[in-house]
Amino acid sequence: MISLPRVLRPTLVRHMALAVLAAVALYVLTNAVGPYRDLQLAQAAYFACAAAGLTVLTGLSGQISLGQGAFMAIGAYTTALLINGRHWPLALALLASAVVAAAAGLFVGIAAARLRGPYLAGATLALAVGLPELASYGPLTDSLGAQNGLSVSPSPPPLALGEAFPLERWQAWIACAAAVVTMFLLANLTRSRFGRTFRAVRDDEIAASLAGIRVARTQVLAFVVAAACGGIGGGLLAFVSTLAAPGAFTIALSLQLVSAIILGGLGSLAGAVWGSLILVLVPSWASDLAQSAHLSHNVESNLPLAIYGLVLVAVMLAFPAGVQGGLRSLFGPILAHARRTE
Amino acid sequence: MLRFVNLTLAGITDGMVFSAVALALVLIWRATRIVNFAQGGMLMFTTFLAWSVVRHGGSYWLALAAALASGLVLGAVVERLLIRRVEGGPPLNAVITTLGLLILLQAGAGMIWGGTPHSYPPAFTIQGFTRDLLLSPSDLFVIGAVAVTAVALLLLFRRTDVGLKMRAAAFAPEVARLLGVRVGRMLTLGWALAALVGSLAGVLIAPSVFVGPNQFDSVLVFGFTAAVIGGLDSPVGAIAGGLVLGCALSYVSGYLSSDIVTLGAFAALITVLMVRPAGLFAGRAGRRV
Amino acid sequence: MIKRMIAGLAALSLALAGCGSGDDSGGGKNKASAPGITATTVTIGSHQPLTGPAAPGYSEISPASKAYFDYVNAGGGINGRKIVYKYVDDVYNPTTTVDVVHRLVLQDKVFAIFNGLGTPTHTKVVDYLNAQRVPDLFVASGCGCWDQAAKHPYTFGWQIDYVREGKILGQYIKQNFAGKKIAYFYQNDDFGQDGVKGLDMYIPKEQVVKRESYQPTNTDVSPQVQAIAAAKADVVVLFSIPAFTALFRLASLKLGFKPQLAVSNVGSDPTTLSGLLENFAKKGGTKVQGNPLIQGIITDAYGAPAGDTSNSWIKLFRKVHDTYIPKLPFDGNVVYGMGAAYTFVQALKAAGKNPTRRGLVDAVEKGGFTGAGLVPFAYSKSSHAGYSGAQIGKISGNTIVLSGTPLTTDAGTGAIQPYTTPQPAAPANGIPPG
């Protein structure tokens with residue numbers, strides 16, 4: 001195996017090269033597949049944004065949060081309100097969603113600063129289930145649409161791309177671009193001083209505070225980062241599914257995000273990507289399987305769910321470190337051997 | 001004033017059900033240090049079994065007995081086959097495993113019984129004793145059943161040999177093993193008892209939420225919230241947490257709007273946790289590994 | 001590490017591209033010009049609440065439609081093509097509906113969407129379907145939003161819309177409950193709000209003492225019921241789905257509150273309500289048939305009620321039911337599903353030997369369909385609304401007993417007129433003629 005050329009050694013440059021590579025690969029991919037797969041790529045992309053933030057919070061900073069769905073909801077509604085009401089361009093709306101969600105993350109982080117383990121989990125779970133209910137609250141139903149939700153008129157692809165350019169591919173481009181940018185920023189963050197601070201606090205709070213790290217501040221910062229990523233993911237969700245409604249932010253969503261990052265490999269950004277892909281592709285593939293097997297209707301409609309549950313249990317039993325851990329254990333020895341033989 | 005009394009009565013009745021679920025979660029937490037997300041799925045499954053008994057002509061009491069018995073069995077089986085494998089590892093892995101189990105149970109129930117919510121009979125009539133006071137025989141039964149169960153468990157843990165062994169197995173497994181306690185068997189028993197309490201909660205709340213694979217999701221969220229409010233290490237806290245939560249939800253629903261109950265639960269939870277980060281009854285120091 | 005990521009991405013691209021292109025070629029199934037049409041099959045799709053709060057009752061509609069399609073297929077299909085009906089669960093959750101419909105259109109490539117159920121759900125996909133030019137026939141909802149021929153040319157309603165129904169119910173209440181206190185209990189979306197709009201056109205404002213709404217995700221309706229009971233309403237008009245009609249009745253039972261109820265036809269099927277309430281009805285020693293908790297409920301119908309065993313359409317549907325779906329109860333939902341399926345078969349037949357999507361839409365606009373309805377359809381180039389009226393009835397025993405004459409009206413301020421043409425008889429072989 002070749003060792004990296006000198007120009008690629010600095011972290012920033014390395015991450016940029018990866019980002020460009022990913023962008024090119026995604027461009028090729030979205031052009032090659034049909035509109036339904038493009039839609040699924042877009043879905044995986046916005047889940048990946050939210051999951052990446054969550055893996056930083058839970059994996060790197062050690063704070064288990066079951067409330068990422070709430071930040072996605074904030075992002076989705078912010079985007080919907082800005083695009084519908086004030087006709088902001090999408091990029092600006094997404095940025096605003098990140099900021100609003102980050103502000104919420106600040107509040108939640110401060111309120112939850114003293115909570116640990118299952119107590120933090122319980123509080124964030126109640127937040128995730130409770131916050132979308134605000135849309136149904138009497139005085140707010142007019143602006144937030146109650147259970148009906150807010151429809152986001154899909155912005156058509158720019159005319160420069162041609163009249164028959166499929167909407168789904170355009171959505172996939174936007175979502176994937178946002179995901180690549182988010183991953184790039186997060187990768188730099190985790191390799192920086194902040195990342196090291198997060199890990200120090202996670203591993204041993206007392207030692208970290210003795211070393212001069214402001215523990216509470218670090219934990220709140222992690223929440224803010226995770227919330228901002230959740231906000232971007234939520235904004236993309238509103239854009240791709242053209243809808244921001246409470247029904248999208250169920251307890252299942254928050255639990256699925258947590259399971260996604262653990263399936264993929266806790267603490268790893270690549271793991272967030274694997275987890276999001278599993279989240280989107282496994283139910284879809286299981287649905288296809290169920291339909292082609294011609295089972296009774298009850299069995300057929302519940303089979304995708306059963307398979308997803310089985311995947312969760314099986315991966316936990318077989319690969320406790322998730323997909324990324326499994327890959328590392330598979331390919332790691334090979335690469336290490338290759339390195340040694342140079 | 002009457003409205004306040006009625007809301008409080010409704011809060012206590014619902015709160016007792018949350019207490020039961022919270023108690024189940026606390027029992028499992030004390031024994032194996034795992035948050036059992038599958039609790040909601042397990043009690044849903046046993047309630048479905050009870051509903052099948054009712055559907056085939058069985059009496060309410062036979063169905064209740066079936067639910068409790070199947071709860072015991074289900075809890076034991078889950079601990080032995082599944083949880084035993086993930087007990088020592090990272091805590092989040094155990095959480096995901098219980099999550100996978102929850103999904104499997106919901107999918108399984110959907111396959112066997114279908115997804116349409118079904119009605120479930122209450123123990124007694126739901127019509128209040130008087131026109132103004134909204135307390136019915138059914139409500140009294142709910143309160144009584146949970147109270148009796150809680151007291152029975154308390155006596156089991158404090159006064160019996162088995163209870164002592166279970167507490168030993170939970171808090172000092174290595175020492176207990178040296179003293180001849182079958183630790184594994186005690187953990188299985190702990191899970192079985194927890195599932196039994198959960199099954200009771202399921203049957204008690206089924207008349208109001210109807211029986212279906214996803215109808216008990218809110219019970220899980222509120223049960224977990226109640227357990228956290230009371231302190232995950234304290235069974236008394238579970239009961240207290242359930243009552244506090246039930247009343248809080250009732251007041252939010254009655255005075256503000258029933259649409260934002262879970263947000264009310266979050267508010268109650270955060271208020272308690274900001275003052276006491278480990279719950280209301282977090283007396284003893286938690287175990288640190 | 002870089003090499004690992006490249007390898008991973010490459011493998012993933014190949015895998016996805018493989019799946020994607022597999023789907024795109026469609027395995028060689030779609031030989032005819034229109035998507036979803038082959039030489040031997042027509043594939044249509046739908047989103048239905050098979051689970052969740054709207055499942056009681058409504059989950060029977062799609063199997064019933066499928067049963068009727070199976071019946072038609074057994075006779076050779078339409079123009080030699082068998083109808084394949086793919087209905088998918090959306091749990092009455094608009095977010096899931098969007099997902100499900102995207103999948104049906106993009107991956108399953110259905111010819112048309114048939115009988116998509118729900119007002120809050122279908123409103124989220126109607127723009128998409130029209131943009132993609134997919135026929136969106138006979139939406140299972142009475143919202144007036146399906147009747148917008150200019151904005152949504154591919155969408156058609158089928159059942160009576162809620163404004164019309166509100167007007168007819170409102171007129172009956174005004175005539176029979178003059179001077180009494182009225183309250184409304186309605187779903188807080190276009191379904192309930194349209195119904196209330198119709199009611200308000202006839203019931204004087206001073207008579208309405210309370211208006212309470214509910215969300216289908218929140219099963220705790222006791223605050224609303226307590227408010228209505230405190231206002232001492234004599235009559236409560238409900239625009240609710242069956243689960244919430246039952247919940248209202250349960251909450252009022254708990255309070256000892258016994259108003260006269262009037263319920264929209266979508267939430268009043270006696271068999272469904274009995275099923276939801278069976279465990280709460282007092283098991284007295286009376287010989288009365290049917291659940292005592294729902295007797296005397298005022299409602300309306302635009303077709304023969306399921307208990308009218310002498311009606312030729314009910315006989316036909318009963319035959320299909322007993323052959324294909326004997327395990328399901330025979331109730332208003334089954335009659336509904338089969339009635340809608342009958343109209344679809346009529347439209348497909350009228351679309352000709354090699355149907356196209358536009359051709360199907362034109363066939364419905366041409367109008368002239370007669371079916372199991374007591375009143376006519378309102379289909380034309382400018383109107384995409386379905387049944388234009390209904391007849392008042394009351395729940396008695398296990399069925400609805402109709403009274404008076406069928407009435408028709410429009411969705412605006414027009415008057416309500418009686419409709420005197422008798423219901424046509426069902427065709428002998430059960431398949432639309434012509």
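C:Asn291 counts as buried, at 7% relative accessibility. Buried here means under 20% relative accessible area, exposed over 50%, and partly exposed in between, with a 1.4 Å probe and protein chains only. C:Asn291 sits in the loop between helix 11 (270-277) and strand 10 (298-301) of chain C. A polar atom of its side chain lies 2.8 Å from the backbone nitrogen of C:Leu293.

Ground rules next. This is a predicted model, where local features need pLDDT of at least 70 and side-chain atom pairs count only at pLDDT 80 or more, while totals for chains, interfaces and linings use all residues. Residues are numbered from 1 along each chain as its sequence is written, chains are lettered from A and ligands numbered from 1 in the order in which they are written, and side-chain values use heavy atoms, with hydrogens and water left out.

Staying with chain C. Chain C has 14 helices and 14 strands. Those are DSSP runs numbered from the N terminus: helices are H or I with at least four residues, strands are E with at least two. Of its 434 residues, 62% count as buried. Take the contacts in chain C with a separation of 6 or more: residues 24 or more positions apart account for 71% of them. Contact means heavy atoms within 4.5 Å.

Now helix 8 of chain C, residues 190-200. Its buried residues are C:Phe191, C:Gly192, C:Asp194, C:Gly195, C:Val196, C:Gly198 and C:Leu199. What covers them? Among the covering elements of chain C are helix 5 (119-122), helix 7 (162-176) and strands 6 (182-187), 7 (208-214) and 8 (235-239). At the start of helix 8, a side-chain oxygen of C:Asp189 reaches to within 2.9 Å of the backbone nitrogen of C:Phe191.

Most residues other than glycine have a negative phi. C:Tyr92 is not a glycine, yet has a positive phi of about 60 degrees. C:Tyr92 lies in the loop between strand 2 (82-89) and helix 4 (94-106) of chain C, and counts as buried at 8% relative accessibility. B:Phe210 also is not a glycine and has a positive phi, about 65 degrees. Its place is the loop between helix 8 (183-209) and helix 9 (217-230) of chain B. B:Phe210 is buried, with a relative accessible area of 7%.

Helix packing, chain A. Helix 2 (residues 35-60) and helix 7 (residues 167-190) of chain A pack at about 20 degrees, axes 8 Å apart. Axes are lines fitted to C-alpha atoms over the stretch in contact, and angles run from 0 to 180 degrees between N-to-C directions. By class, their contact has 17 nonpolar, four polar and three charged residues.

Helix 1 (residues 2-32) and helix 5 (residues 137-159) of chain B pack at about 25 degrees, with axes 8 Å apart. That makes helix 1 of chain B roughly parallel to helix 5 of chain B. From helix 1 of chain B, the contact includes B:Met16, B:Val17 and B:Ala20; from helix 5 of chain B, it includes B:Val146, B:Ala147 and B:Phe157.

Last, an exposed residue. A:Ala211 has a relative accessible area of 64%. A:Ala211 sits in the loop between helix 9 (205-210) and helix 10 (215-241) of chain A.

Technical notes:
Nonpolar A, V, L, I, M, F, W, Y, C, P; charged D, E, K, R; others polar. Polar contact = N/O pair within 3.5 Å; in protein donor to acceptor, adjacent residues only side chain to side chain. Parallel < 35°, antiparallel > 145°, perpendicular 65-115°, else oblique.
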